[in-house]
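Please look over the structure shown here before reading on.

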Amino acid sequence: MCSVEKRGKLFILTLTGNHQHWLNPSLINSILKALSLVKAEAGASLGSVLITTSQGKFFSNGLDLPWILSASSLSAARNRLNHMIQIFKPLLAQLLCFPIPTVAALPGHAAAAGLLLALSHDYLIMRTDRGVLYMSELDLGATLPDYFMALAKSKIGSSSVRRDVFLRGMKVRGEAAVRMGIADSAHHGEDGVMEAAVRLGEELAERNWDGDAYAEIRKSLYPEISGLLGLTPKVMIISKL
């Protein structure tokens, strides 16, 4: 489901297996366990960074629609969908209060909840030659949970860009995503994306930031989504005085 490699001060979390990386209970639990391991090990020293990537042509194709639609009845399918919407929240919450910088390195497509997973990182890096960002809900005739839109509003500053992504179902490629303020940079090929992610990670790791302070400042940057995910602020301290 996912693996974690430690490379110096960088933790590289890779989604493995099913190359569409459908977000279902098994994958979400696997990612949460991996994040717990990274958090425990990174907590022993300052200056760590998480890079999340994946194998194959997809970063993630979103909530596992094939699994949801394979339920025995419409009622059961709705229950599965509601269950998925609820268990996806703790994953986003973990990333938004993670005590080290986070980078999403996309080797390919990120659709629907897969795009939200990418946006929950501090930095988003794409390819120029493959992969799109795409919110498929309008084409599927599906509405959005409140926390999906709150995260999008927090991470995509332009209302016209949000309109195009959510109300036109625009498929946004890497260079366009950079121009639109969704992605931070775009690079040729999977190797180019990972090289850029590692360079950025190493630059961030050199700062040796205090993890608790980093997480609290991140939460304060995004109060709406933090509130919806139940991330309450802690008493602030100055650790280096």
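What follows describes the chain as a whole and then turns to single residues.

The model is predicted, and its protein chain contains 11 helices together with 10 strands. Of the 241 residues in this chain, 53% count as buried.

**Overall dimensions**

- Taken along its principal axes, the C-alpha trace of the protein chain spans about 60 × 40 × 35 Å.

**Surface and charge**

- The protein chain has an accessible surface of about 11,500 Å², and carbon and sulfur atoms make up 53% of that surface.
- There are 25 positive and 21 negative side chains in the protein chain, and the centres of these two sets lie 5 Å apart.

- F58 belongs to strand β4, which covers residues 58-60.
- Is F58 buried or exposed? The relative accessibility of F58 is 13%, and since residues under 20% are classed as buried, F58 counts as buried.
- When its neighbours within four places in sequence are left aside, F58 is in contact with H19, Q20, H21, P107 and H109.
- D212 lies 154 residues away from F58 along the chain, and the C-alpha atoms of F58 and D212 are separated by 32 Å.

**Aromatic pairs**

- How many aromatic pairs does the count come to? The count comes to 4 aromatic pairs.
- F88 and Y147 form an aromatic pair that is tilted, with a distance of 6.5 Å from centre to centre and an angle of 45° between the planes.
- This pair links distant parts of the chain, for F88 lies in helix α3 (residues 74-96) while Y147 lies in helix α6 (residues 146-155), and the two are 59 residues apart.
- Both members of the pair, F88 and Y147, are buried.
- Ring pairs also bring in F148, so that F88, Y147 and F148 are linked into a cluster.

Key. Residues are numbered from 1 along each chain as its sequence is written. This is a predicted model: local features need pLDDT of at least 70, side-chain atom pairs count only at pLDDT 80 or more; totals for chains, interfaces and linings use all residues. Side-chain values use heavy atoms; hydrogens and water are left out. Helices (H or I, at least four residues) and strands (E, at least two) are DSSP runs, numbered from the N terminus. Buried means under 20% relative accessible area, exposed over 50%, partly exposed in between (1.4 Å probe, protein chains only). Accessible areas come from the Shrake-Rupley method with a 1.4 Å probe; for residues, only the protein chains shown count as cover. Lys and Arg count as positive and Asp and Glu as negative; His and the chain ends are not counted. The place of a charge is taken as NZ of Lys, CZ of Arg, CG of Asp or CD of Glu. Contact means heavy atoms within 4.5 Å. Rings of Phe, Tyr and Trp (its six-membered ring) pair if their centres lie within 6.5 Å; planes under 30 degrees apart count as stacked, over 60 as edge-to-face and the rest as tilted.
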